[in-house]
Amino acid sequence: MSTEIIVSGMRPTGKLHLGNYHGALKNWVELQNKYRCFFFVADLHALTTAYEHTENLAQNSEQMLVDWLSAGLDPQKCTIFIQSDVPQVSELNTLLGMITPLGWLLRNPTYKEQIQELLARKYAGQLQGDENAPLAERVKGLADEDISVYGFLGYPVLMATDILIHKAALVPVGQDQTAHLEIARDLVRRFNEIYGVDNVFAEPKPLFTKIAKVPGLDGHKMSKSYNNTIDLGEDLDSVRKKVMSMYTDPNKKKANDPADPEGCVVFAFHKIYNPEWQKRCEECKAGALGCVACKKQLFALMEPELKAFLDRRKIFENDKAQLQAILHSGKEAARASAEVTLQEAKRAMKVIK
Ligand code: TRP
């Protein structure tokens, strides 16, 4: 067991899909055995973009929590909490905001990309011009005030706060979060320089684990907004149907035509679920079996894990008292840890004596 601290969070999008599971959650379940871990539902971060649609926020947070527990996160081994349950986060966020140069936030590539992505999603169908033109061009003229808000620009400061407040050394995130983590590190250095301290915060490093790429049913990135997901808690009949409808090599017309497994969604899933995926690769190239048989085998490989997950999910979902108890003790532990750092930061800034 390492003494290093790990912090990670996910925005509550409701039920998780297999991309979230293989891309992050499964890794968390392993990390809880090796480090002191804080895992939280980033509900404040959800507000930075979806502030107009908060009607499902609490429910989405709960559904995600149920998924985490069903996948094996164990409140005896790690601290699980809801971000907004720890007011120290909001307080430190205010303090760190005071020393964050605006340029860092405006230049943050994630900020620019996300603005465009959100606009593209919102105005899908209304985008103008050539499909290959940069999104920035294509969304021109369509209103963008709605996400140009202070909270969204400050997303990386809040994320830095989440991490720094527990003095995390390591942050398991996807590559897309690299720029955010860099801002967290820069903030530590800037804080140290301005206030002449060196031990209030730790400089966090990203923890990239080699993770399986899970494509969506259509071969694009698995994402709710593309409507191509398999959810972790999905009933098995529905999963079976989706597996049988997965995108395969369009050049393979007959069962024993040789095919190209690269780009085949079924094969990408075999890589995850089938220990003998290399053999499958050869069989596919040789035309040794048809796509229908290959899909059936894939579903059979996925079924036990999904079924075990569903069984656990049923239990957690119906035990509201247990969910409340888990969140309560998580909140207490997270507050205690956060309070220590917050006091140190305030003292360094001379906000208190
Ligand atoms: N930004 C992260 C994401 O979108 C979620 C997040 C918020 C996070 N705060 C964090 C991740 C702190 C790690 C640590 O995936």
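Helices here are DSSP runs of H or I with at least four residues, strands are E runs of at least two, and both are numbered from the N terminus. Threonine 248 has 17% relative accessibility, so it counts as buried. Buried means under 20% relative accessible area, exposed means over 50%, and partly exposed lies in between, with a 1.4 Å probe and protein chains only. Leaving out residues up to four places away in sequence, threonine 248 touches Cys264, Val266, Cys291 and Lys295. Contact means heavy atoms within 4.5 Å.

Before I go on, the ground rules. This is a predicted model, in which local features need pLDDT of at least 70 and side-chain atom pairs count only at pLDDT 80 or more, while totals for chains, interfaces and linings use all residues. Residues are numbered from 1 along each chain as its sequence is written, and side-chain values use heavy atoms, with hydrogens and water left out.

Now α12. How many of its nine residues are buried? Seven are, and the helix is mostly covered. The buried ones are Val265, Val266, Phe267, Ala268, Phe269, His270 and Tyr273. Their cover includes α1 (18-31), α13 (277-286) and α14 (291-317).

α14 also meets α11. The axes of these two helices come within 9 Å and cross at roughly 150°. Axes are lines fitted to C-alpha atoms, for helices over the stretch in contact, and angles run from 0 to 180 degrees between N-to-C directions. α11 and α14 are therefore roughly antiparallel to each other. For the wording: under 35 degrees is roughly parallel, over 145 roughly antiparallel, 65 to 115 roughly perpendicular, and the rest oblique. On the α11 side the contact is made by Leu236, Val239, Arg240, Val243 and Met244, and the α14 side includes Val292, Lys295, Phe299 and Glu303. By class, this contact has 10 nonpolar, no polar and five charged residues. Ala, Val, Leu, Ile, Met, Phe, Trp, Tyr, Cys and Pro count as nonpolar, Asp, Glu, Lys and Arg as charged, and the others, Gly among them, as polar.

Next, helix α9 (residues 155-164), with two partners to look at. With α10 (residues 178-195), the axes come within 9 Å and cross at roughly 70°. α9 and α10 are therefore roughly perpendicular to each other. Tyr155, Pro156, Met159, Ala160, Ile163 and Leu164 in α9 meet residues of α10, including His180, Leu181 and Leu187. What is the make-up of the contact of α9 with α10 by class? There are 11 nonpolar residues, one polar and no charged.

The other partner is α4, whose axis comes within 9 Å of that of α9, at a crossing angle of roughly 120°. α4 and α9 are therefore oblique to each other. Val89, Leu92, Asn93, Leu96 and Gly97 of α4 make the contact with Val157, Leu158, Thr161, Asp162 and Leu164 of α9. That contact divides into six nonpolar, three polar and one charged.

α4 and α9 come up again at helix α2 (residues 43-50). The buried residues of α2 are Asp43, Leu44, His45, Ala46 and Thr48. What covers them includes β2, β3, α4 and α9.

On to those two strands. Four bridges join β2 (residues 36-41) to β3, and the strands run parallel. Two strands pair if DSSP finds at least two bridges between them. Valine 41 has isoleucine 82 in β3 as its bridge partner. In a regular strand the side chains alternate between the two faces of the sheet. In β3 (residues 79-82), Thr79 and Phe81 on one side and Ile80 and Ile82 on the other are all buried.

Cysteine 37 is in strand β2. Is it buried or exposed? With 0% relative accessibility, cysteine 37 counts as buried. Beyond its neighbours within four places, cysteine 37 is in contact with Ile6, Leu31, Gln32, Cys78 and Thr79.

Last, two backbone angles. Most residues other than glycine have a negative phi. Lysine 167, in the loop between α9 and β4 (170-172), has a positive phi of about 55°. Lysine 167 is partly exposed, at 25%. Asparagine 227 has a phi near 60° and lies in the loop between β5 (205-207) and α11. At 72% relative accessibility, asparagine 227 counts as exposed.
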